[in-house]
Amino acid sequence: MSYSQPPKRTALPREMLKWLQSLHLSFSPKNVRRDFSNGYLIAEIFSWYYPEAFSMHSYDNGTSLVAKQNNWAQTERVLVKQHVSLRKEAIEGTIHCKPGAAESLLQEIHTLLTNRSIKTVQEVAPDFTDQRYQEQLPMVARATASRAIKNNLCLSEEMAEPNITTNQQKIQAIIQRHIRHRREERMQDPKRFNARLTLGEQAARLPPVATRGDPDLPTKASHTANSCNPAGLRLELSALFCFVLFLCLCVCV
């Protein structure tokens, strides 16, 4: 049995590729997540539109977390002077190679610099998790809770944010999202999980019925529902048995 593989290289729209090629960058990006994570190519793109503000000799084309943070911090300081702002979550996702973060950031930069939008990118809601990939897999191949934490929380994130409380909150959010997805799976396929209805779910719930001209209508409806529902009938018999037992005990005393 073969399952769909996570995309190693994210394909950019043709219009975006033509725009990047027209800028004559120092190297052509092949892996979007990896090549744009350190911010060097982003600074090089802005240097074509703001040549006096960006000095490429002060940027480091390295892969370490320190080099990435320094490059992006320098780019953000320059953009503030140019009255240009980028989404912080897209920048953080690009630094930590989150799925779809670099593509979303490039789309935002392309719109800012060219005043043109790309529908094929903008129609997809930004989601920097592996949820879209997990939905493509069958239920038996989807990630467990520990795997979900590993997929959605990178080591570089923990190094960039050493605060234990913040990391615990991120992990808690991932676990809660995983539990919510598991509940949805149980509702979609209850036989696979051997899910059984609780007593509250088995109990008959009838909408309020109008009692015009027939005061016994609610009683008849309740009796019909209980006769059609074995669980409700068992509950009614159990309550009656408890009541009779209580009366016997009172008489004996």
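## The nonpolar core

In this predicted model, the largest nonpolar core comprises 33 residues. Those with the most contacts inside this core are Trp19, Leu20, Phe36, Ile45, Phe46, Leu106 and Ile109. Two or more residues each are contributed by helix H1 (14-22), helix H3 (40-49), helix H4 (65-81), helix H5 (88-95) and helix H6 (101-114). In soluble globular proteins, nonpolar side chains tend to be buried together.

Leaving aside residues up to four places away in sequence, Ile45 touches Trp19, Leu20, Leu23, Leu25, Phe36, Leu106, Ile109 and Leu113.

## The packing of H5 and H6

Helices H5 and H6 pack with their axes 8 Å apart, at an angle of about 135°. H5 is therefore oblique to H6, and the crossing in which H5 passes H6 is left-handed.

On the H5 side, the contact is made by Ala90, Ile91, Gly93 and Thr94, while H6 supplies Ala101, Ala102 and Leu105. Of the residues in this contact, five are nonpolar, two are polar and none is charged.

Asp130 lies in the loop between helix H7 (119-122) and helix H8 (131-136). Is this residue buried or exposed? Its relative accessibility is 14%; buried means under 20%, so Asp130 counts as buried.

Which residues does Asp130 touch, not counting residues up to four places away in sequence? They are Asn151 and Asn152. A further relation concerns Gly100: Asp130 and Gly100 are separated by 30 residues in sequence, and their C-alpha atoms are 9.4 Å apart in space.

Note on methods. Residues are numbered from 1 along each chain as its sequence is written. This is a predicted model: local features need pLDDT of at least 70, side-chain atom pairs count only at pLDDT 80 or more; totals for chains, interfaces and linings use all residues. Side-chain values use heavy atoms; hydrogens and water are left out. A nonpolar core is a set of buried Ala, Val, Leu, Ile, Met, Phe, Trp, Tyr and Cys residues joined through side-chain atoms within 4.5 Å. Buried means under 20% relative accessible area, exposed over 50%, partly exposed in between (1.4 Å probe, protein chains only). Helices (H or I, at least four residues) and strands (E, at least two) are DSSP runs, numbered from the N terminus. Contact means heavy atoms within 4.5 Å. Axes are lines fitted to C-alpha atoms, for helices over the stretch in contact, and angles run from 0 to 180 degrees between N-to-C directions. Angles under 35 degrees count as roughly parallel, over 145 as roughly antiparallel, 65 to 115 as roughly perpendicular and the rest as oblique. A crossing is left-handed if the near helix is turned anticlockwise from the far one by less than a right angle, and right-handed if clockwise. Ala, Val, Leu, Ile, Met, Phe, Trp, Tyr, Cys and Pro count as nonpolar, Asp, Glu, Lys and Arg as charged, and the others, Gly among them, as polar.
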